[in-house]
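Hi,

Here is the structure I promised to pass on. Have a look at it first, and then read my notes below.

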Amino acid sequence: MTDVDIDYLRSWIGRERSVSDVITPRLAASLDAVLDIDRVATPGAPAPIGIHWCLAPDIVPMRGIGADGHPARGNFLPPVPFPRRMWAGGELTFLGDFRIGDDVSRVSTIENVELKTGRSGRLIFVTVRHRYVTPRGPALDERQDIVYRELEGTPRAPEQAPPLKVGDQTRHVEASPLLLFRYSAITFNGHRIHYDQPYVTGEEGYPGLVVHGPLQATLLLGLASEHRNGGLPETFAFRSTRPLFSGGRISLHAVLEKGQTSAWIADQQGNVTMESLVS
């Protein structure tokens, strides 16, 4: 069993990092292309929803990359000793908008580090707060939940739980390896679970390439925005319920319940992989 010094890891709480990036027409056009949206990227026009997840990625030289393809741990994020790293979910609070051409700054803060025990074993959750600002002022407040798992045994999927109903708005997406590769490219995401089949099956024990959490959330944000007649939501809370693997067609669903939009993604077998609530 891996030794964990949780007090040492919790000493990262309060650490901050400030970065900045520009929403270029090329970046906006690239995200639209990944989402299969035909639109001219015009400076000053609204940026594609979910563009913030493409901004200011960690860029380190090859010698600074860990075994999983991510930057080595211990700088901004704590050096959690568990090898499996996944996006567990989070919440967005929209305070403004992003436009093509914006110079965007982001201040990130480690808010919490917790050790828990789940059905798959011990888990370490790291909560990060991101605050985005454009030339017009605050644009977005984001809570990001990252979960780390041990590598012992085979990843245990939750019991099969097909969605109880189909949304009143539904869309289908081909979760192809090419889709994953293109999203990794525009987010500069080197995590090998998204493109390296021998690694993801042999080292991490998954049955196939894993679809990015931010990509799933971006798809749900887009569907929820359409469901709300194209307007930005006030809040978007979401969580991953099980891994989503590439290959075949997945479905996105949205339904209006009690004045809020519930949206979720179902995998090729009909199991929910991410669910969200939009208000």
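**What I found**

Phe-188 sits in the loop between helix 3 and helix 4 (197-202). Helices here are DSSP runs of H or I with at least four residues, strands are runs of E with at least two, and both are numbered from the N terminus.

Before going further, a word on where this comes from. This is a predicted model, in which local features need pLDDT of at least 70 and side-chain atom pairs count only at pLDDT 80 or more, while totals for chains, interfaces and linings use all residues. Residues are numbered from 1 along each chain as its sequence is written, and side-chain values use heavy atoms, with hydrogens and water left out.

In helix 3 (177-187), the buried residues are Leu-179, Leu-180, Tyr-183, Ser-184, Ile-186 and Thr-187. Buried means under 20% relative accessible area, exposed means over 50%, and partly exposed is in between (1.4 Å probe, protein chains only). Contact, by the way, means heavy atoms within 4.5 Å.

Helix 2 has its own set of buried residues: Leu-27, Ala-28, Ser-30, Leu-31, Asp-32 and Val-34. Their cover includes strand 1 (16-22), helix 3 and helix 5 (213-227).

Take a look at Asp-32, which lies in helix 2. Is Asp-32 buried or exposed? It counts as buried, because its relative accessibility is 3%. If you set aside the neighbours within four places in sequence, Asp-32 is in contact with Ile-37, Arg-39 and Pro-48.

Helix 2 is followed by Asp-36, another residue with a positive phi, near 65°. A further one is Ala-56, with phi near 45°. Ala-56 is placed in the loop between helix 2 and strand 2, and its relative accessibility of 13% is why it counts as buried.

Pro-61 also lies in the loop between helix 2 (25-34) and strand 2 (84-94). Pro-61 has 41% relative accessibility, so it counts as partly exposed. If you want a sense of distance, the C-alpha atoms of Pro-61 and Thr-273 are separated by 33 Å, and the two residues are 212 apart along the chain.

**Aromatic pairs**

How many aromatic pairs does the structure hold? There are seven. Rings of Phe, Tyr and Trp (its six-membered ring) pair if their centres lie within 6.5 Å; planes under 30 degrees apart count as stacked, over 60 as edge-to-face and the rest as tilted.

One of them joins Tyr-8 and Trp-12, with ring centres 5.1 Å apart and planes at 85°, so this pair is edge-to-face. Tyr-8 counts as partly exposed because its relative accessibility is 45%, whereas Trp-12, at 3%, counts as buried.

Trp-87 and Phe-238 make a tilted pair, 5.2 Å centre to centre with 40° between the planes. This pair links distant parts of the chain, as Trp-87 is in strand 2 and Phe-238 is in strand 7 (residues 235-240), 151 residues apart. Both partners are buried: Trp-87 has a relative accessible area of 13%, and Phe-238 has 6%. Ring pairs also link Trp-53, Trp-87, Phe-236 and Phe-238 into a cluster.

**Stepping back**

The protein has five helices and ten strands. Its C-alpha atoms fill a box of roughly 50 × 40 × 35 Å, taken along the principal axes.

Of the 279 residues, 47% count as buried. Among contacts with a separation of 6 or more, 73% come from residues 24 or more positions apart.

Happy browsing!
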